[in-house]
Amino acid sequence: MSGNIFGKISKERTVSAVILVAAALVTILPGGAVLALALYAVSIIGFLELTKACGVRDRVSAEGGKKENGRPNALEIAGICCITLYYAALGITWDAAYCTPLVFLMMIVLMFVYVFGFPKYNANQVMTTYFSLIYAPVMLSFVFLTRQLENGIYLVWMIFISSWISDTCAYLVGVMRGKHRLAPVLSPKKSIEGAVGGIAGAAIVGGLFGAYLDNVLYTGNFAMILAIVGGVGSVISQVGDLAASAIKRNHEIKDYGKLIPGHGGIMDRFDSVIFTAPITYFLIIMLMNEGF
């Protein structure tokens, strides 16, 4: 019986993974408005998954003070408006510099809701909402910004090499060689050996991808740059994965949602991508400017 259950889960995960890869190709290859709209939709879903999981939507019932989840509240609606404005500006300017002030505007908007709705919402809910805005929508927007770089149609895939390839290598090495626990309380199955394997795997694949680009684009520096990006990105990816797990443990939930069969919600599948997107963007810019 358990074998059938695991077989079904494995099949669901495989089918979902294939669909996700296809969706990535369909949106990332054309870039521009198509990619911005896709990330906008994913960001809103991820934002709402996170705010719900972290108690932003909680309210006290009249029966006995028990907390229960209701519909999206004013803080979340204000957050959706902020995400809409941010991605609209991003789609028009294609530049992070012009969108940075909007990150501060998000805080001001939430403070308006907090002050004029007082005491309906507490400070923790406001801070968690702002955290959720940065965590999913803003950090995911660096997928779009990386795609807009010179040769971004190629370089953007380093975000996924640093996360999904790293995850795969870490899992395989962990199964074969894992002996020492990486974070025994938070994730007992993850090992130090697996983590090292993930870093090495992402660095090697990144380097090979860079060598291919050097050959195709007649450049001479992508192999080293993308090896570094892959290795560093893998470290950040694994931290992102563990951080998302820690939040779930704190709030005693298994998954953030049920949108993706076999995986959970957007936050369950994109937890590592969310972390690797900004680091990939800034590392590529920094290393290219340094003349590597």
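**Stop 1: helix α7**

Select residues 157-177, which make up α7. Its buried residues are M158, I159, F160, I161, S162, S163, W164, S166, A170 and G174. Buried means under 20% relative accessible area, exposed over 50%, and partly exposed in between, with a 1.4 Å probe and protein chains only. Helices (H or I, at least four residues) are DSSP runs, numbered from the N terminus.

You are looking at a predicted model, in which local features need pLDDT of at least 70 and side-chain atom pairs count only at pLDDT 80 or more, while totals for chains, interfaces and linings use all residues. Residues are numbered from 1 along each chain as its sequence is written, and side-chain values use heavy atoms, with hydrogens and water left out.

Stay on α7 and centre on S166. A kink of about 30 degrees is centred there. The bend at a residue is the angle between axes fitted to the seven residues ending there and the seven starting there. S166 is also among the buried residues of this helix.

Now check the length. The 21 residues of α7 should span 30 Å at 1.5 Å a residue, and the end C-alpha atoms lie 28 Å apart, which agrees. The expected span is 1.5 Å times one less than the number of residues.

**Stop 2: helix α5**

Select residues 123-147. This is α5, with 25 residues; they should span 36 Å at 1.5 Å a residue, and the end C-alpha atoms are 36 Å apart, in agreement. Of these 25 residues, 20 are buried, so α5 is largely enclosed by the rest of the structure.

Begin at the start of the helix. Show the side chain of N122: one of its oxygens reaches to within 3.1 Å of the backbone nitrogen of N124. For a polar contact, a pair of N or O atoms must lie within 3.5 Å; within protein, one must be able to donate a hydrogen and the other to accept it, and residues adjacent in sequence count only if both atoms are side-chain atoms.

Move along to I134. Here α5 has a kink of about 30 degrees, shortly before the proline P137. Then pick L133, also in α5. L133 is buried, with a relative accessible area of 0%.

**Stop 3: the loops**

Which peptide bond is cis? The one from F118 to P119, with omega near 10 degrees. P119 sits in the loop between α4 and α5.

Next, select N151, in the loop between α5 and α6 (152-155). Its phi is near 65 degrees, a positive value in a residue other than glycine. N151 counts as partly exposed, at 27% relative accessibility.

Then go to E252, in the loop between α9 (222-250) and α10 (266-269). Phi of E252 is near 55 degrees, again positive in a residue other than glycine. Is E252 buried or exposed? It counts as exposed, at 73% relative accessibility.

**Stop 4: the largest cavity**

Select C82, L85, L102, L105, M106 and V109, which line the largest cavity. The cavity holds about 30 Å³ of space. On a 1 Å grid over the protein atoms alone, a cavity is a set of points where a 1.4 Å probe fits but cannot get out; a pocket is an open set with protein on both sides within 12 Å along at least five of seven lines; lining residues have an atom within 4 Å of a point. Points are joined across faces, edges and corners, and a volume is the space filled by probe spheres set on them.

Colour α3 (74-93) and α4 (96-116): each supplies at least two lining residues. α4 gives the most, with four. The lining has six nonpolar, no polar and no charged residues. Ala, Val, Leu, Ile, Met, Phe, Trp, Tyr, Cys and Pro count as nonpolar, Asp, Glu, Lys and Arg as charged, and the others, Gly among them, as polar.

**Stop 5: the second largest pocket**

This pocket has a volume of about 390 Å³. Of its 21 lining residues, L20, A23, A24, V42 and F270 are the closest to its centre. α1 (2-28), α2 (32-53), α5 and α7 each supply at least two lining residues. α1 gives the most, with seven. By class, 19 are nonpolar, two polar and none charged.

Finish on E49 in α2. E49 is buried, with a relative accessible area of 9%.
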